[in-house]
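Hello,

Here is the structure I promised to hand over. My notes on its surface and its cavities follow below.

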Amino acid sequence: MRRIRSGLIEPFLHWLRESAWICAVPLLLLLGITATDFLILTNVSDASRSLFFEELPVPYNDSRRDAAETLKADTLQYVYLLLLFLCAFRWRKIVGYLMEWPHLVLIVAYLLVGVLYSMDPVKVVTNSILIFIGFLAAILFATAYSSPGRYDGFFHVVFWPLVLLHLASLFILNLYDVDLLSFLASTQRYGGLAGNPNSLGSTAVLGVWAGASILLSAHSSRAVRVLALLGLLLLFFNTALSGSGTSTAAILLVLFALAWLRILAAFQPKIRLILNGSLILIAVFVFMYGMLFTTPAELYLSITGSMGKDATLSGRTELWAIASDAINLKPWLGWGFDSHQSVMAERTFSVRFNHYHNGFLDTVVAGGVVLLALVGYNLVRFCQVFLRTFRKDANAFPLLLPLLILLALNMSEYSLLRPNSQLWLVYMISFTMLTYSPAVSVSLQFSLGSKERKSRRFSGARSGRRKRGEKLRWG
């Protein structure tokens, strides 16, 4: 038994504790599975009404939907178990991180308060657990990939599952004998394996960010760059098929922001400040100059028109008005983190969708102003940590983009603090990559070892004192 333990079991346990790539497996699975519509996955040749949409993608009530969602939930359960199993081998690091950033625990605790007034307390508990699981997945990944030399691992983990999703979406489209040119010229929209045009577009935005970051990385080989470029072309094409003007605008924002940050990375912090100030002045001048020849209303219509939308943003402003009425009724604590089941049980606030197409409004509807303040605190701390990191490590500039994408897409979609949202998960990984430090687990080691140190003081002759400057081990 000792030979088996020393020859097989102990090396295997050591590998689980120290291996970097094993920490990426749960993230790969979560991104791939949560982005996939299992109704389409299990009925690829008979799901046209869930694949093709008119201008406003109203969900189609398919009788097979419940079975597909059950299968997806059952599959995700195994991923959650794998995640918890791997977290057990790095529990000191994870607990140490949560002690360093307690507002993450506070967010989950506050979400659970909703069981006291929600119509579906079980849903509140489930959603809160899923948010916490997302935190764990992000922290686990950061424990292995937060060092500057491993940023590329983050980009690859995000890019390749999404490219696979879009490649499968293109394959499914070919099964339906669609004339691509006619489809692109029409008002029809394609949802692909994501099951919704907006969802397909948002995954494309994340994929473009990750793929462009791979191209800009000095560690990428020529072969990897070629594959990344091909993946980017696929993402651009599928974005056009989705007909998502919001995603198209977000992709342009991503490419501009990456290019600008790459330029800034070549200069010292003081020069960066001058360049950013110059860019802001140019933007203000262009805006003021444009206002001389147009009115704010005309400018708004030109912007929405360039995105292929009308003045109501395809009916979104009407949804926002309904969400505002719901917020006015329960502004502080919200209706409960139950996927809007409580608020939409009121006929006045019920809509055809499962959210109000604005992440900030949806967050306030679910948890009130208090929840929005907690999320806002996290966003502010992200900015502070990024600026501090960027001054020391110029290669960290792509980590800012998940925040920009989150803010941009949540103006018309809902992914802010949303369970099983790919965008929220990627943002949280970026946050933990910036904020994780191996030193955070030292505080936990001090706490756990305090009683032992006290006992050593009373038995100094037997055990002796710790030498000056000696560091405590963590793991």
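Val 226 sits in helix α11 (helices are DSSP runs of H or I, at least four residues, numbered from the N terminus). Val 226 is partly exposed, with a relative accessible area of 45% (partly exposed lies between buried, under 20%, and exposed, over 50%; 1.4 Å probe, protein chains only).

This is a predicted model: local features need pLDDT of at least 70, side-chain atom pairs count only at pLDDT 80 or more, and totals for chains, interfaces and linings use all residues. Residues are numbered from 1 along each chain as its sequence is written, and side-chain values use heavy atoms, without hydrogens and water.

Now the cavities. The structure holds three of 30 Å³ or more (a cavity is a set of points on a 1 Å grid over the protein atoms alone where a 1.4 Å probe fits but cannot get out; lining residues have an atom within 4 Å of a point; volume is the space filled by probe spheres set on the points, which are joined across faces, edges and corners).

The largest cavity holds about 130 Å³ of space. It is lined by 13 residues, and the closest to its centre are Leu 130, Gly 134, Asn 420, Ser 421 and Leu 425. Helices α2 (25-34), α7 (121-145) and α19 (422-435) each give two or more residues to this lining. The largest share, four residues, comes from α7.

The second largest cavity has a volume of about 40 Å³. Its lining includes Asn 198, Ser 202, Arg 316 and Glu 413. Here α10 (197-216) and α12 (245-265) give two or more residues each.

Best wishes

Key:
On a 1 Å grid over the protein atoms alone, a cavity is a set of points where a 1.4 Å probe fits but cannot get out, and a pocket is an open set with protein on both sides within 12 Å along at least five of seven lines; lining residues have an atom within 4 Å of a point.
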